[in-house]
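Colleague: I'm new to reading protein structures. Could you walk me through a few features?

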Amino acid sequence: MNISESLKIALKCIKANWMRSLLTMLGIIIGISSVIMIVGAGTGARDYIVSLIENMGANAVLVTVDTTRASESEFITLDDVDNIKEKVNGASGCSPLMMGFSNASAKSGAKKATAMIAGVNTDIQFALPTTCKYGRFFSNEEYMASTPVAVIDTMSAKLVFGYEDVTGEYITLSSSGSSMKVKIVGVSDLEDLVSSMGGNLSEMTSMFQINDDKPAICLFMPCTTLTRLTGVAPILPAMFVFAEDEGNNKAVGNSTVNYLKAAHGNYENNIYVAEDMATYVELVDIIISILTAFIACVGAISLIVGGIGVMNIMLVSVTERTREIGIRKALGAKTKTITLQFLTESIILCLIGGILGVIFGVIGAYVVCTIVGIEPNINFLTILIALLFSCGVGIFFGIYPAKKAAKMSPIDALRRQ
C-alpha cells in the first residue's frame with residue numbers, strides 16, 4: 001500500500017465518521033486559532049505602539065523634574081529652554097511642556113468641554129507624529145507675541161464643533177476667573193494629543209477633574225499664551241530636547257541635565273531625569289513580544305488537549321477495525337503499512353483541524369484588531385509554523401495507536417467479533 005492509498009483510506013474513514021472527526025479536531029482548531037489570533041493581534045499592537053513612539057521623534061529626549069522633591073526655584077523655566085538650544089552641544093531644538101489647570105474650560109456656542117491645554121513652542125513639531133491635517137501650526141512670531149492661537153485634534157474638533165476642519169473658528173477658554181478667545185489655526189489628525197505630549201491620560205483626566213457632563217478636548221497653544229490665560233508664571237515639570245543626531249540622544253540628555261543642575265544650583269538631589277524616547281521602542285517591543293509569546297503558549301496548551309483527543313479516537317478506531325487489521329495482515333500487509341495507514345489518518349485529522357484553526361484565527365485577529373482600531377500582523381511564517389505544529393501533534397499522538405494496530409496478531413484480530 002502506497003501513500004496515496006493510505007490517504008484515500010484515511011479520508012474515507014474520516015468522512016464516514018465526520019461528526020466524531022469534527023469533535024476530535026475541535027481541540028486542534030481551538031488551539032491553532034487562539035495562537036494565530038493572539039500572535040497576529042499582539043504583533044499588530046506591538047507594531048502600532050512602536051510606530052507611535054518612533055513617530056514622536058527618534059531624536060527626542062524627555063527631560064522631567066521630580067515634582068515630589070523639587071522646590072519652586074528648581075523647576076524648568078522658559079529661560080532654561082532658550083539657553084539649552086544655545087548652550088547644549090548637539091541640541092537642535094527644545095520645547096517646554098506646560099499643562100493647563102483643572103478649572104480650564106472651553107466653550108463654543110452652546111457646547112462646553114473640559115480643555116487639557118499643553119503650552120509648548122514651535123519646536124514641539126519635532127515630536128509630533130504628523131503635521132496638521134488642516135491649517136498650520138502656530139509660528140514662532142505668535143509664540144513670542146503670546147498670540148491667542150491654538151492647534152486642536154480632529155476628535156476634539158468634532159466634540160466641540162461637530163466637524164473636523166475648524167480652522168478660523170474660535171474657542172473661549174477660561175481659567176482662574178479670566179477668559180480668552182482663542183483662534184484655531186490648525187487641526188491635527190492625531191486621535192490623542194496626550195500621548196504625543198509624553199503624558200499619561202489617566203493622570204491628566206484626574207488632574208483636570210473631568211466629569212461625565214463635559215467631554216475632554218486637547219489643545220496645543222504657545223506656552224506664553226497659556227501663561228497669559230492662567231496668570232501664573234510658567235513653572236515647567238518637563239520639556240522635550242531634540243538632538244541633531246539620533247545616536248547622540250544620551251549625550252544631549254546628560255548635557256541638558258548637567259546644565260539644569262548648574263543653572264539651579266542643585267548637584268546632589270538628582271531631581272532631573274532625561275529619558276531617551278528611542279529606548280522606549282526596544283522596551284515596548286520586548287515587553288509585548290514576551291506577553292504575546294506567553295499568552296500564545298497558554299493557548300497552545302489546548303493543542304496538547306486536542307492531541308490527547310486524537311490519540312483517544314485513534315485508539316477507539318483501532319478497536320473498531322480490529323477485524324479489518326486482521327484481514328489485512330492475513331493477506332500479507334506489512335507492519336509498516338498498517339502503521340502508515342493509521343498514522344496518516346491521525347496526521348490528516350490534525351492537518352484539517354490546523355487549516356480550520358488558521359482560518360478562524362485570521363478572522364478572529366482581524367475582528368479583534370478592527371474593534372481596537374489597529375492593523376493585525378499575520379505573516380506566512382506564523383501560519384506555516386502553526387500547520388507544521390498541528391502535523392507534529394498528529395504524528396506524536398498518532399504513533400502509539402498506529403504501533404498498537406501494527407503489532408496486533410492477525411489470529412487474535414480475526415478472532416474478535
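Colleague: Which residue in strand 8 does Gly135 stand opposite?

Modeller: Keep in mind that this is a predicted model. Gly135 stands opposite Gly186 in strand 8. Strand 5 (residues 132-135) is joined to strand 8 (residues 178-188) by three bridges, and the two run antiparallel.

Colleague: How many bridges join strand 6 to strand 8, and do they run parallel or antiparallel?

Modeller: Five, and here the strands run parallel. Val149, for one, has Lys183 in strand 8 as its bridge partner.

Colleague: And in which sense do strand 7 and strand 8 pair?

Modeller: Antiparallel, over six bridges. Leu173 has Met180 as its partner in strand 8. These two strands form a hairpin with two residues between them, and Ser176 takes a positive phi near 55° there.

Colleague: How do side chains sit along a strand?

Modeller: In a regular strand, they alternate between the two faces of the sheet.

Colleague: Which residues touch the most other members of the largest nonpolar core?

Modeller: That core has 65 residues, and the answer is Phe137, Leu173 and Met239. Strand 10 (residues 238-243) gives the largest share, six residues. Setting aside neighbours within four places in sequence, Met239 is in contact with residues including Val61, Ile76, Cys94 and Leu260.

Colleague: What about the surface, say Ile359: why does it count as partly exposed?

Modeller: Because its relative accessibility is 43%, and partly exposed covers the range between under 20% (buried) and over 50% (exposed). Ile359 lies in helix 12 (residues 335-372).

Definitions and conventions: Residues are numbered from 1 along each chain as its sequence is written. This is a predicted model: local features need pLDDT of at least 70, side-chain atom pairs count only at pLDDT 80 or more; totals for chains, interfaces and linings use all residues. Side-chain values use heavy atoms; hydrogens and water are left out. Helices (H or I, at least four residues) and strands (E, at least two) are DSSP runs, numbered from the N terminus. Buried means under 20% relative accessible area, exposed over 50%, partly exposed in between (1.4 Å probe, protein chains only). A nonpolar core is a set of buried Ala, Val, Leu, Ile, Met, Phe, Trp, Tyr and Cys residues joined through side-chain atoms within 4.5 Å. Contact means heavy atoms within 4.5 Å. Two strands pair if DSSP finds at least two bridges between them.
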